[in-house]
Amino acid sequence: MQSTPVLHLKDLSVAFRGVRVVKGVTLTVPPGEAVGIIGETGSGKSTVARSILGLLPEETAEIGFSEYQVEGKPISRSAIPSLRGGKIAMIFQDPLSYLNPIMRIDKQIAESVQLHGKDENVDRRVSELLDLVRLPVSRKSSYPHELSGGMRQRVLIAIAIACRPRLLIADEPTTALDVTTQAKVLDLLRDIRAAFGTSLLLISHDLGVISALCEKIYVMRHGEFLESGSIDTVFGNPQSTYTSTLLEADRLLLDENGRFKTFEGDQTW
Ligand SMILES: Nc1ncnc2c1ncn2[C@@H]1O[C@H](COP(=O)(O)OP(=O)(O)OP(=O)(O)O)[C@@H](O)[C@H]1O
Ligand SMILES: [Mg+2]
């Protein structure tokens with residue numbers, strides 16, 4: 001028997017002022033699984049992620065879809081905002097823009113706990129969350145600017161998981177971090193998933209990041225999903241020239257003369 005996906009979004013299209021940037025994509029995230037979206041800059045990855053939580057500017061974005069279900073339950077357009085910080089939470093590339101610069105981080109985590117966990121002992125839950133994201137207790141009274149980029153991302157993760165989401169969307173969560181810190185944040189996401197069965201939707205242009213964490217992948221280009229499937233299938237036997245090119249670029253293959261290989265023209269992709 002197939003388990004009910006945590007997220008199923010069918011035929012999503014998004015246009016900004018009449019320009020279509022997402023062109024009818026269908027996305028399914030099975031329970032407890034980590035699903036990646038990979039694609040070049042401007043391909044529409046963040047727009048897909050933001051659509052899921054209704055985070056696009058209402059004045060300029062036109063959004064359409066034929067089905068939207070969370071854990072099998074149909075979600076109407078007007079119900080989308082209520083998913084935020086409930087069943088679905090999101091973390092972003094640049095934690096500093098999402099943290100309040102003049103509020104201590106433990107207070108910011110506490111706010112998120114209070115918002116969602118009605119009867120919780122807030123202090124205890126904040127300590128538990130700090131522990132979970134491996135932030136030293138000594139830093140809990142810090143302000144965001146006093147923390148390193150990796151620590152700020154941990155704070156954002158603590159805020160996101162405070163509500164025990166079924167799906168955590170991470171949009172380029174490690175792009176701004178150095179390689180060592182990046183690996184630690186990825187480890188943390190992996191651990192959260194293992195401990196709570198949280199599904200992950202991980203967005204990245206980095207094949208290494210996606211393949212370190214995900215079982216399933218969507219390859220996105222020009223607002224469309226070119227192909228999808230298990231990482232092994234897609235990377236092992238890519239169906240589009242674009243995916244092959246991504247793989248080659250990642251391996252930085254050199255030709256017989258030791259020069260970088262040139263890629264085929266745009267129209268063949
Ligand atoms: N708020 C907006 N208003 C107008 N156009 C937008 C808006 N957000 C995104 N776009 C446009 O939509 C397209 C897709 O952008 P999006 O940010 O989703 O790409 P992305 O794949 O996340 O890129 P990156 O890897 O650089 O983050 C781009 O052409 C972008 O300029
Ligand atoms: Mg983006």
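Which helix contributes the largest share of the shell around ligand 1? In this predicted model, that share comes from helix α1, residues 45-52, with 3 residues.

The surroundings of ligand 1 were examined next. The shell consists of Phe16, Val21, Glu40, Thr41, Gly42, Ser43, Gly44, Lys45, Ser46, Thr47, Pro57 and Glu172. By class, 3 of these residues are nonpolar, 6 are polar and 3 are charged. Several side chains place polar atoms beside oxygen atoms of the ligand. For Thr41, a polar side-chain atom lies 2.4 Å from an oxygen atom of ligand 1. For Lys45, the corresponding distance to an oxygen atom of the ligand is 2.7 Å. For Ser46, a polar side-chain atom is found 2.8 Å from a ligand oxygen atom. Ligand 1 taken alone exposes 630 Å². The protein buries 59% of that area.

The overall fold was then considered. The protein chain holds 9 helices and 11 strands. Its C-alpha trace spans about 60 × 45 × 45 Å along the principal axes. The chain has 269 residues, so a compact globule would have a radius of gyration near 18 Å. The value for the protein chain is 19 Å, which agrees.

Strands of a sheet pair through backbone hydrogen bonds, either parallel or antiparallel.

Strand β3, residues 34-39, runs parallel to strand β9, residues 199-204. These two strands are joined by 5 bridges. Within this pairing, Ala34 has Leu200 of β9 as its bridge partner. Strand β10, residues 216-221, runs antiparallel to β11. Here the number of bridges is 6. Arg221 stands opposite Glu224 in β11. The strands β10 and β11 form a hairpin, with 2 residues between them. His222 lies in the turn and has a positive phi of about 50 degrees.

Key. Residues are numbered from 1 along each chain as its sequence is written. Chains are lettered from A and ligands numbered from 1 in the order in which they are written. This is a predicted model: local features need pLDDT of at least 70, side-chain atom pairs count only at pLDDT 80 or more; totals for chains, interfaces and linings use all residues. Side-chain values use heavy atoms; hydrogens and water are left out. A residue is near a molecule or strand if one of its heavy atoms lies within 4 Å of it. A polar contact is a pair of N or O atoms within 3.5 Å; within protein, one must be able to donate a hydrogen and the other to accept it, and residues adjacent in sequence count only if both atoms are side-chain atoms. Accessible areas come from the Shrake-Rupley method with a 1.4 Å probe; for residues, only the protein chains shown count as cover. Helices (H or I, at least four residues) and strands (E, at least two) are DSSP runs, numbered from the N terminus. Ala, Val, Leu, Ile, Met, Phe, Trp, Tyr, Cys and Pro count as nonpolar, Asp, Glu, Lys and Arg as charged, and the others, Gly among them, as polar. Two strands pair if DSSP finds at least two bridges between them. The radius of gyration is taken over C-alpha atoms; the globule rule is 2.2 Å times the number of residues to the power 0.38.
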